[in-house]
Amino acid sequence: MMPASGTIQLLLGENPGWTTIMPEQAAEAARRGKGGVRQRLPVPATTIGAVLDRHFADGVLHLISIDAEGIDDAIMRDIDFTRHRPWVLVIETMGADGPADFLAGQGYTAYADTHVNRIFVRQEVLARATF
């Protein structure tokens with residue numbers, strides 16, 4: 001589930017690494033002994049589409065890095081790739097394939113994996129790269 005624009009609840013974890021907007025993530029932290037929620041804060045939220053439209057209306061965008069603790073895939077899928085085509089996408093996948101198939105359909109190649117993040121590069125950008 002991805003939040004829409006408006007206000008959402010940020011669940012500040014006793015362990016900052018488990019701060020999230022997703023109640024199921026906070027519950028998982030408690031189950032694992034990582035502490036519970038120490039504070040709930042209402043925070044403004046918007047969609048990635050609105051951010052890209054506002055700040056990258058000209059379409060020039062080189063890098064997007066998404067690390068959103070459990071909603072990375074949903075955020076990435078909310079990008080309108082017909083209007084916004086970053087050269088490189090870095091997505092937290094924690095060793096999984098992540099959105100490789102979806103991004104291949106958008107013209108991206110899985111370029112590298114750090115075990116935590118997977119790096120995707122637009123095929124036409126990769127084709128003209130020199131190393």
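Two strands are taken as paired if DSSP finds at least two bridges between them. Helices (H or I, at least four residues) and strands (E, at least two) are DSSP runs, numbered from the N terminus. The model examined here is predicted, so local features need pLDDT of at least 70 and side-chain atom pairs count only at pLDDT 80 or more, while totals for chains, interfaces and linings use all residues. Residues are numbered from 1 along each chain as its sequence is written, and side-chain values use heavy atoms, with hydrogens and water left out.

Strand 4 (residues 88-92) and strand 6 (residues 117-122) run antiparallel and are joined by 5 bridges. Within this pairing, valine 90 stands opposite isoleucine 119 of strand 6. Both strands belong to an open sheet of 4 strands, in the order 3-4-6-5 and with mixed pairing. Strand 3 (63-66) and strand 5 (108-113) each have a single partner strand and stand at the edges, so one side of each is left without a neighbour in the sheet. On average, neighbouring strands of this sheet are turned by 20 degrees against each other, direction ignored.

Next come the aromatic rings. Rings of Phe, Tyr and Trp (its six-membered ring) pair if their centres lie within 6.5 Å; planes under 30 degrees apart count as stacked, over 60 as edge-to-face and the rest as tilted. By this rule there are 2 aromatic pairs. In one of them, the ring centres of phenylalanine 81 and tyrosine 108 are 5.7 Å apart with planes at 65 degrees, so the pair is edge-to-face. Phenylalanine 81 lies in the loop between helix 3 (72-77) and strand 4, and tyrosine 108 in strand 5, so the pair ties together parts that are 27 residues apart in sequence. Ring pairs link Phe81, Phe102 and Tyr108 into a cluster.

Burial can be read from relative accessible area (buried under 20%, exposed over 50%, partly exposed in between, with a 1.4 Å probe and protein chains only). Phenylalanine 81 counts as buried at 5% relative accessibility, and tyrosine 108 counts as buried at 2%. The loop between helix 3 and strand 4 also holds histidine 84, which is buried with a relative accessible area of 4%. From histidine 84 to alanine 129 the separation is 45 residues in sequence and 20 Å in space, C-alpha to C-alpha.

Definitions and conventions:
Axes are lines fitted to C-alpha atoms, for helices over the stretch in contact, and angles run from 0 to 180 degrees between N-to-C directions.
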